[in-house]
Amino acid sequence: MDTIADQGCADRAPLVGRARELDRLDGLLGCRTEGAGLVAVDVTGEPGIGKTRLLTEFGIRARGRGATVLKGRAGSAEGDAGTPFQAVLDAFADLDHRERATTPALAELARLVEHDGRDASLARDVRDGHGSSEARDVRDVENERVRRIGAALGRVTAPGLVLLLDDLHRADPATVALVDHLLRHPLRAPVLVVVARRERQTPPALASCLARAADSGALARLDLGPLAAEDCAEALAPGAPPETVSELYAASGGNPLYFRALAHTRTPHGRAPGTGPVAVLLDELTPLSGVERAIVEAIAVLDGRATSELVAAVAAPAHTTDGRDGRDGRDGRDGSDGRDGGDGGATEHGEGWGGQETIDAALRALARRDLVRPDEAGRTLGPRHPALPELVRGALDPWRRRELHRRAEAALARSGAPASARAPHLVGAAIGPDAATAAVLVEAAERTGTVDPARAAHWLAAALDHLPDTAEHLAHRLELTLRRAQALGSAGRVAESRDLLHRLIDTCRPDSGRGPCTTPGGHPQDTAGIRTSAVLLCAFMERHLGRYPEADALLRRELERNPDPRAGLRTGLVVEWGARALFATRYPEVREEVDRTLGEARLRHDEAATAEVLTLSALGEAYEGGTTTARTRATEAAALTDALTDGELADHVESLVRLSWTEAFLEEYGTAERHTTRGIAVVRRAGRPFALSQLLLCSAYVHFLTGRVGAALDLAEESLTVAHPLGGAELLGFSRAMRATVLLHARPLGDPEGLAAAEEAAATVGTAQSWWATQARCMLAHNVPLGQDPHRVRGVLLRAGGDRDLSRLQPSLRPGYLELLAAAALVAGDPAEAERVARRALTEAQRLGLPVQRGAAQRAWGRVLAHRGESAAAAEAFTEAARESARSGAGLREAHSLLLAAPHVQAAGDGPRAAALWRRGRRLAADGGARMLVDLADRTRPTPPDTTAPGGRLSVLTPREREISVLVAEGLTNQAVADRLCLSPRTVESHVARVYRKTGVETRAGLASLVVRTGVG
């Protein structure tokens, strides 16, 4: 019996995320109190989804409103489904003697429901098929009882009755008949019936009567779906780490009972297995027969869909002849796979277990209970919920679990299953040191490494555990350790990978006195190669973690040791050393060594190595502003890289990353996009997340500049998703910064989301001074609203750049940052500094020879000219910036330049051209999805002044601007105007600049002439 506890009970499981359903039930109850509305509610959902908990909470609410609440379960114990009206009987156990005494209608109902004499026994006789003629009349008796119970319910008076019937899918025929009667003859009394059931286990008779009632409008349906992730986190796992909550939510599918059970299992804290919420779920296994339970356990160990033959082979007791594990005395090392020669499947085991018919009957029974779900053909079986196997396995004793894993591995081996399917069972069977077992685990790691590196690392760890610790296996052990470190890094466990690599390097030191270096029959050169490969991979991990000095020290020591590393490995060391220097913004320090290594690779005619060094050199030169050399080397590298097959390229993906970024910096956006597109496809198949994240970033950068903001945002967000689990703060911060910059342009003008994202990115990189970190801070400067906080923009740029010339920033991108610095200086009221910065931008951009950077410098200069009031010159500078941007296909920069040019072209007196420039700029922005620029365009749409109005071109001025214009026409200086009007000279200067911009004049003499001609003043 389930009683309705008081609302303050602290032992109830929390009700999570069901406010909408409760509100609907409350509304239906309100209608029933007045004898109107639907008579019943059908609550459905998967096991564990919260149906019972919802009924309990609703019962508490209904009782609080004065209603009598009775709650019962159908078939609450095995065999109870045979008792007529069992669910209703269970409910009326809640009716105490006071309610019976004071409420005649309820007392009458109780008498009718609890009638358990001759009619009940006769009903059982009828169902058993051997009743007398008197017994065969009992159906008429039960039907009469149904009608009487229905009539008695119709006499219930306010405040009414709420009848809660849980687990109705187990209901006996009499209860089904009663529900059907109530739905076909809706009550006018204040009675609400709420039933809860599992859809899959509902018998046809009940399902049909509920469906008819729903169609006729007598029944409301509530289907409970999965909870939201945030609801589970807040109510079911308060205080748990976000990654733990994410794992639990993914495994549970949002099912609250499975969520709680998994949390209970995965954080045991000394609790016994199979207790707490796990016991609630596993309680369904209690009434199972031995065969049925064995099948459930087999499916749990197989952990997924499996054929019925495989399930039977694992579940059936093994036939053993030597008292060990059913292998007929063989250990599986004689070429027979340790199996018994027969098929060993369901036939042999089935006969000893009662035959195939027994197994099939057990499977049908489990399917009816919805513990096992077959596919449409009945060929494969699986658990009803993906988390159920984990919970069942956790409740098994370790010896039973180990035996089932042994059977599973044996059956899979006989069937020729792949190593990845056998591996979990080899580990679960806890076999001791065995080279053959280790080989299977290594093969499993190879099969899964590209799609699931974390699992590959797990299999490799298990392989190392099973590999015999003997001299003959020592070199193989070192190789597997290196491969495991690589898998750990790909899985985002970078620090763990780094630590493992440090241990491996120590093991392989020539002077360690350990390992193959000193083992008779060993291979010293192989060990040296493993050590160099470990140093190379370790330096990569150190670099990813932002530990550039440590990476430098590792690489220098390996390059300087004697004898020198093999040529191919040495090239890899130099390339990684150069990459370390590049990301630490110290490429000139390694330029000479890189050039020497390039010459050596060419002499060896090693095309792959040559391409590796060429891409490093090209990116280094592009970064430093050596665009001519960078373009030459990028062209040569592209020719070599394009000739590689995808399979060959998978071993050199970092080279493709460097090539793509080089082409992007050289503003060769078409070739950069081509290489990123190919690279992304290759690294997805190869399982190289570090390269994938950077190629996605490069592709996002290219799409953004070329005016495809929506696609750029998608790429940036995917890059962030890939980078997040990899563990490096700098790559993660840069990914967030790229997303923030794209988001700024994708959102409406003034939307704060871009700035918030950029601030998070800057916080992620912290105080690091690498290329990633510096770029992240500069992108923050781009996101800060210039008109609101120019001082912050300047401060961010100056801190990132190191000085007034931003000399610490990437030279090939510096003109763009100088443009922003000049604009901030103007808004902050420092035109002299703005002019100095703009002139420097022009000089640096001219040296680079990059159109987009020349365009940025022209925009900086145009802003200075506009501030001076030289509208015609400013218009020409902005127009030239648009032409330069268009030359490289940078559609976003072209649109921005055109929108800046249009007002000044209008002010210079060419209204039609201004309108044309504005239309093209807005169209480019709109087509590219740049909502911010579209909003900017709509706010600055040029409107030619009405020259026919009194005052002519001066009519567009404010009263203060006209007043100042008259005084300027009289020959007063700015200081004299300021003294007369009690203003500051800077304020007067700003007013004069606006007058120049609005009227199109460029000098004080021109303004005086215009004032005289229009007769103002």
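**View 1. Helices α35 and α37 cross in a left-handed sense.** Left-handed here means that the near helix is turned anticlockwise from the far one by less than a right angle. This is a predicted model, in which local features need pLDDT of at least 70 and side-chain atom pairs count only at pLDDT 80 or more, while totals for chains, interfaces and linings use all residues. Residues are numbered from 1 along each chain as its sequence is written, and side-chain values use heavy atoms, with hydrogens and water left out. Helix α35 (residues 689-705) packs on helix α37 (residues 729-746) at an angle of about 20 degrees, their axes 11 Å apart. That makes α35 roughly parallel to α37 (angles under 35 degrees, on a scale from 0 to 180 degrees between N-to-C directions).

**View 2. Here are the residues where α35 meets α37.** From α35 come S693, Q694, L697, A700, Y701 and F704; α37 brings L731, F734, S735, M738, T741, V742 and H745 (contact means heavy atoms within 4.5 Å). They divide into 8 nonpolar, 5 polar and no charged.

**View 3. Three strands form an open sheet in the order β6-β8-β7, with antiparallel pairing.** The edge strands, β6 (306-307) and β7 (372-374), each pair on one side only. β7 and β8 (residues 380-383) pair over 3 bridges (pairing takes at least two DSSP bridges). V372 stands opposite P383 in β8.

**View 4. Model confidence has a mean pLDDT of 85 over the protein chain.** On this scale, from 0 to 100, 88% of residues reach 70 or more. Over residues 1-11 the pLDDT is below 50, and residues 319-352 are also below 50. Where pLDDT is low, the predicted coordinates should not be read in detail.

Terms used. Helix = DSSP H or I, 4+ residues; strand = E, 2+ residues; numbered from the N terminus. Parallel < 35°, antiparallel > 145°, perpendicular 65-115°, else oblique. Nonpolar A, V, L, I, M, F, W, Y, C, P; charged D, E, K, R; others polar. pLDDT = per-residue confidence, 0-100.
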